[in-house]
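Please look over the sequence and structure below. The report that follows takes up helix packing, the chain contact, domains and backbone details.

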Amino acid sequence: MLTQRQARLAWLLVFPTLLVVALVAGYPLAQVFYWSFFKADIAFVEPPEFQGFSNYLYLLQDPDFRQALWNTLKFTVVSVSLETVLGLAIALVIHSNFRGRGLVRTAILIPWAIPTVVSAKMWQWMLHDVYGVINVIGVKLGLLSQKVAFLARPELILPAIIAVDVWKTTPFMALLLLAGLQLIPEELYEAASIDGATRWQQFWTITLPLLTPALVVALIFRTLDALRVFDVIFVMSGVNPSTRTLAVYNRQTLIDFQDLGYGSAISVAILVLIFAFVVLYMRTLGREALK
Amino acid sequence: MKALTRTLNRALFYLLVVFVVVYSVFPFYWAVISSFKPSDALFAADPSFLPLPFTLDHYKNVFLQANFGRNLLNSLLVAGGATLLSLVLGVLAAYALGRLPFPPKNAVLYLVLAMTMFPQISVLGGLFMLLRQTGLFNTHLGLILSYLLFTLPFTVWVLVGYFRGLPRELEEAAYVDGATPLQTLLKVMLPLTGPGLVTTGLLAFIAAWNEYLFALTFTVGDAVKTVPPAIASFGGATPFEIPWGSIMAASVVVTVPLVILVLIFQQRIVAGLTAGAVKG
């Protein structure tokens, strides 16, 4: 009797959430799938025309799409690798016992809390070709022989944007890894010390293997985020083809070019790409959480 | 000799600590300094590292000339609305998923987890049309609803964890006393999830407050526009004249509340970040 009432209540409680998910994700997604088979503009000025797979066929040979995919992959691989190494270093620093540890932990949360748009603007100002503080300090310390237009030279824009992303998201990485480090029992290190293992050996034989689960979760997480990057790229360099990622190209196609059909096909492609990583993510994290 | 190496190691370690702190904090410090400098000091060959001379002109400019006050209010309404709705709906769903017998539980949990990872860009076109069709384009409600795409699944996911952590005896005692399942949720379980609600609410609020793509795409003009797209499009009198001082002032204004929240709720945020899924 109680169980029956509980089950009825459960349906009632879950229903509003399911309704919202259907409304803001299910329905729009169905629309995107549907229109990806049409030639259509987003305001429906011209009547839509069914075209089968032609948008997807075009996708395969569109040089702009290929460039955007390549930019996204470059951004993802470089920024996620840097964030992992730096994040691990910072996590190890905070994990060791020292005075002012709380202060450091608070300090690294600041980049995380700052809106991406704001951090992009702050760095744009710091990277200013004439008055930017990085150019001023760089020249003064002799690190730069002359001032550099970081955001105007095609070969430097993507590295500059990656530097901003690394600054902003390394704290997140560090905190996830710190949580992982805190799960490793202290006794293991004590035992290793007694057996004469150096710090370096302890890192490779204890820390790294036991940190792997946390590392994998953090990596997949950041990869998913990096694959759909939009804000930092769009604010710092707009739709510039040399940095345009999939998400930027997708928005440009849909909104600026009003091309609903082809834009939807790009959306589906992004979804497929990300879904592969989501499956990977759920296999690692989901199984544990759903026990 | 050994003592010397130890001191040296210690010094190197603290140097590393100082580097980490400066690296994390300096960009924000520089934004704050820049926002208080008069324009001629801002564009000096050798800029000072202190806000001297000091001026509030950029702040006046942001609030008097631009529509920044309006943008701030919009951000507050939209982020606050999305957070509140997510918490209310999220608590209900999370209680059912974490505590009640519910046959399709795992299917729904998988759906929720997948949703926390969902790429916003993939539904941009669909949502754009949906908002247009329903007349919610360029309205606060429209933006709030679209933000539920990422705030709600996250809230549900983290709160399920909180509900699962509560002891079973409390619930059983309530049932023995004749409480209905709904009363048990509202009177017994809900008060115990207070800390969880604060953490998830805070993280959902920060995510909504910082959101850019939807705010940029689903608003026109300043009536509904939130702060991030407003800051991104701040322009000067001519396209060549970028008002860096004002941009930095606006940046400081939106960031200070977040930094204060982070300082106060530091430990909870870290716990929430590591417990659940949140985008950085």
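## A helix pair across the chains

Helix α1 (residues 2-35) of chain A and helix α4 (residues 68-99) of chain B have axes that come within 8 Å and cross at roughly 130°. That makes α1(A) oblique to α4(B). Angles under 35 degrees count as roughly parallel, over 145 as roughly antiparallel, 65 to 115 as roughly perpendicular and the rest as oblique. The axes are lines fitted to C-alpha atoms, for helices over the stretch in contact, and angles run from 0 to 180 degrees between N-to-C directions. Helices (H or I, at least four residues) and strands (E, at least two) are DSSP runs, numbered from the N terminus.

The crossing of α1(A) with α4(B) is left-handed. A crossing is left-handed if the near helix is turned anticlockwise from the far one by less than a right angle, and right-handed if clockwise. From α1(A), the contact residues include A:Ala10, A:Leu13 and A:Val14. From α4(B), they include B:Leu89, B:Leu92 and B:Tyr95. Residues are in contact if their C-beta atoms, placed from the backbone, lie within 7 Å. The contact of α1(A) with α4(B) holds 11 nonpolar residues, 1 polar and no charged. Ala, Val, Leu, Ile, Met, Phe, Trp, Tyr, Cys and Pro count as nonpolar, Asp, Glu, Lys and Arg as charged, and the others, Gly among them, as polar.

## Model and confidence

This is a predicted model: local features need pLDDT of at least 70, side-chain atom pairs count only at pLDDT 80 or more, and totals for chains, interfaces and linings use all residues. Residues are numbered from 1 along each chain as its sequence is written, while chains are lettered from A and ligands numbered from 1 in the order in which they are written.

The model scores ipTM 0.91 and pTM 0.91. Chain B has a mean pLDDT (the predictor's confidence in each residue, from 0 to 100) of 88, and 95% of its residues reach 70 or more. Within chain B, confidence is lowest in helix α2 (residues 39-42), at a mean of 84. It is highest in helix α11 (residues 213-217), at 97.

## The contact between chains

Chain B brings 79 residues to the contact and chain A brings 75 residues. On the side of chain B that touches chain A, helix α13 (residues 244-275) of chain B gives the most, with 15 residues. That side divides into 63 nonpolar, 14 polar and 2 charged residues.

## Two domains in chain B

Chain B has domain 1 (2-55) and domain 2 (60-275). The bounds come from an automatic or database domain assignment. The domain centres, taken over C-alpha atoms, are separated by 33 Å.

In chain B, 8 residues of domain 1 are in contact with 7 residues of domain 2. α1(B) gives the most to the domain 1 side, with 5 residues. That side has 4 nonpolar, 3 polar and 1 charged residues.

## Backbone details

Most residues other than glycine have a negative phi, and most peptide bonds are trans. B:Leu52 and B:Pro53 are joined by a cis peptide bond, with omega about -10°. B:Pro53 sits in the loop between α2 and α3 (57-64) of chain B.

A:Phe44 is not a glycine, yet has a positive phi of about 55°. A:Phe44 is in the loop between β1 (38-39) and β2 (49-50) of chain A.

Technical notes. Contact = placed C-beta atoms within 7 Å.
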